[in-house]
Amino acid sequence: YSSPLVRCCQTAAEVINGYQNVTEDDKGLRVTVEPGLIESMNDKWYRSWCLPDSNGTWGGRNSDSSVGINDIDARAKLPIQNLILNPTSIQQYVQSVEENLTNLNFDDSLKEYQDSSINMDVSLTKFVDTSTNNHVYKKAPHYTWNTFETKQELQNRVEETINLLAKKHPNQTTMVLSHGSPCTKLYERLKSDHWENHGDCTYACFSIYRKRNDVEEDMDSWEALVVNNSDHVKEIMEMNKNA
């Protein structure tokens, strides 16, 4: 299950691709686009892309700047559900990126990047589930510029999504791919603990939670086995440095 944002779907596709490389049983795995896992729809997320000087930086390049409604990207004024891509739209977007990469003239130094990027996108178009009704979180978000998702609303969303997935797949291993803020708030809600006790959820880190079925419904039923582990990234960086 993946956030609708393309970068998460691409990672999910590579997970399936990697799994198939080490086992003959692929179990028909596909990337299910799950709206409940999308990035926090707060002011910092909006500022990262909808301001005149936005460059993807979380919170914007100048987080203290005041913004007039006429200065922001027109898409930020739309209800957020109008901006969230459905599975078919994600496939179409990735296919267009693949075509553009294929048609570009890369020099030899960048040819490897071009080939790897195309292969990554092919994995996504192959593995994404185009069904629009397999997700578990059914509530349509109502957010727009100046009507942002609150911390409590984010916690409610990710907790509900995870519990619905656990109910849908009892006693099974389920992988979900999301973003730093939802993963951090999920830890806080499942463990009733402040995120600073385990630090930031950084790029490519992972956590493992186990649902306990031997406790009362209103008791702590999630056990955190691993939280925000990124040792594999450090190992790769060290290997590249020594190569």
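Contact here means heavy atoms within 4.5 Å of each other. With that in hand, let's look at I80: leaving aside residues up to four places away in sequence, I80 touches M41, W45, Y46, P141, H142 and Y143. This is a predicted model, where local features need pLDDT of at least 70, side-chain atom pairs count only at pLDDT 80 or more, and totals for chains, interfaces and linings use all residues. Residues are numbered from 1 along each chain as its sequence is written, and side-chain values use heavy atoms, with hydrogens and water left out.

**The core**
- I80 also belongs to the largest nonpolar core, a group of 12 residues that includes L5, M41, W45, Y46 and Y143.
- A nonpolar core is a set of buried Ala, Val, Leu, Ile, Met, Phe, Trp, Tyr and Cys residues joined through side-chain atoms within 4.5 Å.
- Buried means under 20% relative accessible area, exposed over 50%, and partly exposed in between (1.4 Å probe, protein chains only).

**Helix α6**
- Helices (H or I, at least four residues) and strands (E, at least two) are DSSP runs, numbered from the N terminus.
- Helix α6 covers residues 180-191, and its end C-alpha atoms sit 17 Å apart, which agrees with the 16 Å that its 12 residues should span at 1.5 Å a residue; the expected span is 1.5 Å times one less than the number of residues.
- Among the buried residues of α6 are T184, Y187 and L190.
- The buried residues of α6 pack against α5 (151-168), β1 (206-211) and β2 (222-229).
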